[in-house]
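Here are my notes for you on this structure, written as numbered points to read alongside the picture. Please keep the sequence and the model open as you go through them.

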Amino acid sequence: MPNTARWAATLTLTATAVCAPPTGAAVAAPAAAPSGLYAPSALVLTMGHGDTAAAVTPERAVTLTCAPTASGTHPAASRACAELRAAGGDFDLLVPTGDVKCTKQYDPVVVTVEGVWRGQRVAYERTFANECVKSTYGTAVFTF
């Protein structure tokens with residue numbers, strides 16, 4: 001009987017040592033998350049009718065992630081990412097294509113961009129005369 005009690009105690013202590021979470025000084029701090037190979041590039045683009053973003057309720061919104069690969073809800077994510085890379089992430093460098101003709105009707109459209117481009121915070125707002133004009137800037141970024 002004493003042997004059985006000793007074995008039971010030994011098994012209990014072994015199971016506790018192996019299965020129980022460590023306590024005291026044995027608890028290590030969680031390791032820092034490893035840094036990625038790519039700086040993040042994740043944007044949210046919105047569009048609404050009006051003169052300023054402060055006075056507009058967004059009617060459409062899309063996400064655009066460009067690193068490590070193009071993805072998101074943007075309808076032309078790959079082309080939009082390529083276009084932004086060519087412009088160095090500067091939305092002001094997106095110029096209108098010359099072969100599209102738009103009416104001169106004034107129905108202002110506001111586009112906003114919020115997020116991160118290659119690790120840098122981005123906040124952009126631009127008002128276009130109408131949706132047709134908005135869609136002519138660049139080839140893909142504002143076509144949503």
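This is a predicted model: local features need pLDDT of at least 70, side-chain atom pairs count only at pLDDT 80 or more; totals for chains, interfaces and linings use all residues.

1. The mean pLDDT of the protein is 79, and 74% of its residues reach 70 or more. Four strands, given as 4 strands in the order 2-1-3-4, form an open sheet, and the pairing is antiparallel. Strand 2 and strand 4 are the edge strands, each of which pairs on one side only. From one strand to the next, the twist averages 15°.

2. Which residues stand opposite L43 in strand 2 and in strand 3? In strand 2 the residue opposite L43 is L64, while in strand 3 the residue opposite L43 is G115. Strand 1 and strand 2 are paired over 6 bridges in the antiparallel sense, and L45 stands opposite V62 in strand 2. Strand 1 is also joined to strand 3, by 8 bridges, and these two strands run antiparallel.

3. Strand 3 continues the sheet towards strand 4, to which it is joined by 9 bridges, with the two strands running antiparallel. The bridge partner of E114 in strand 4 is A123. The hairpin of strand 3 and strand 4 has 2 residues between the strands, and in this hairpin R118 takes a positive phi near 50°. Strand 3 itself is mostly covered, since 7 of its 9 residues are buried.

4. Helix 2 lies across strand 1, strand 2 and strand 3, and runs at about 70° to strand 2. Which residues of helix 2 are buried? They are A77, A80, C81, E83 and L84. These residues cover an arc of only 160° around the axis, which puts them on the same side of helix 2. In general, an α-helix has 3.6 residues a turn, so residues three or four places apart point the same way.

5. What covers its buried residues includes strand 1, strand 2 and strand 3, whereas the face turned away from the buried side carries the exposed residues S78, R79 and A86. After helix 2 comes G88, whose phi is positive, near 65°.

6. The largest nonpolar core has 26 residues, and those touching the most other members are L43, L45, L64, F91, V141 and F142. Strand 1, strand 2, helix 2, strand 3 and strand 4 each supply at least two residues of this core.

7. What is F142 in contact with, leaving aside its neighbours within four places in sequence? Its contacts include L45 and F91, both of which are also named among the core residues that touch the most other members.

Methods. Residues are numbered from 1 along each chain as its sequence is written. Side-chain values use heavy atoms; hydrogens and water are left out. A nonpolar core is a set of buried Ala, Val, Leu, Ile, Met, Phe, Trp, Tyr and Cys residues joined through side-chain atoms within 4.5 Å. Buried means under 20% relative accessible area, exposed over 50%, partly exposed in between (1.4 Å probe, protein chains only). Contact means heavy atoms within 4.5 Å. Two strands pair if DSSP finds at least two bridges between them. Axes are lines fitted to C-alpha atoms, for helices over the stretch in contact, and angles run from 0 to 180 degrees between N-to-C directions. pLDDT is the predictor's confidence in each residue, from 0 to 100. The arc is that of the directions from the helix axis to the C-beta atoms.
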